[in-house]
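Student: I have a new model open on my screen. Could you walk me through its aromatic pairs and some of its buried side chains?

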Amino acid sequence: MKKYLFILAAVAVLMASCSPFALVNSETYNNADLADYSTFRIVTPADGNRLPPGMEMVTYYNIAAAIREQMLERGFKEDPSSPLLINIGLTVHREIDTAPALPPGYTPYSGPYYNGYYPFFMYPRANYWANYYANAQVITGIYKEGVLTMDVVNIDKKVPLYSASVATILENGQSQFRNLKGIAEAVQTLFSRFPVPLEPQYRK
């Protein structure tokens, strides 16, 4: 009996420790070596003149802060003139049900999409994704999840360098990207296969 209680307790601990976030895409493009860069900048609403549907300013600031922390812990320095731009995209269930794949007036662009829908990026993705990436990391069946996508691009040369996406099950129609704890965990998962490792002092 004690043996079975121990097993049940172990399973309960394991289930409690499982992250609600899953890495669904992590890919480097154009043989890029991100370690060649020393600075970065994060997209702002002014860059694209909009936020993705479903993202509020406070959500943007919290996601940007979590991404900034991950980049700083990898030895990068933030610089508003850096060619290394981090673009943010978001797809959530309630938008997928009603929104078209692309905003009005947009031409189709390439790259990862989810259940037939592209994420809504802050900076127009069509400005740097070429058509030959049309089949890159096609992922389907995520319509019941919220998906946060990050593109790292050399914006001066308009060349995509890296893309990663993290998904989470929606609870009562609400994305866990809306609270600080959830955002921090999501971004940590987003960077779990980032090609530049954490500096030694930040490794656990």
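Student: How many aromatic pairs does the count come to?

Tutor: This is a predicted model, where local features need pLDDT of at least 70, side-chain atom pairs count only at pLDDT 80 or more, and totals for chains, interfaces and linings use all residues. Residues are numbered from 1 along each chain as its sequence is written, and side-chain values use heavy atoms, with hydrogens and water left out. Rings of Phe, Tyr and Trp (its six-membered ring) pair if their centres lie within 6.5 Å; planes under 30 degrees apart are stacked, over 60 edge-to-face and the rest tilted. By this rule, the number of aromatic pairs is four.

Student: Are the rings of Tyr123 and Tyr128 stacked or edge-to-face?

Tutor: Their centres are 6.4 Å apart. Their planes meet at 25°, so the pair is stacked.

Student: And why does the pair of Tyr162 and Phe194 tie together parts apart in sequence?

Tutor: With centres 5.2 Å apart and planes at 80°, these rings are edge-to-face. Strands (E, at least two residues) and helices (H or I, at least four) are DSSP runs, numbered from the N terminus. Tyr162 lies in strand 7 (residues 159-169) and Phe194 in the segment after helix 5 (180-190), so the parts joined are apart in sequence by 32 residues.

Student: Is Ser163 buried or exposed?

Tutor: Ser163 lies in strand 7. Buried means under 20% relative accessible area, exposed over 50% and partly exposed in between (1.4 Å probe, protein chains only). Ser163 has a relative accessible area of 0%, so Ser163 is buried.
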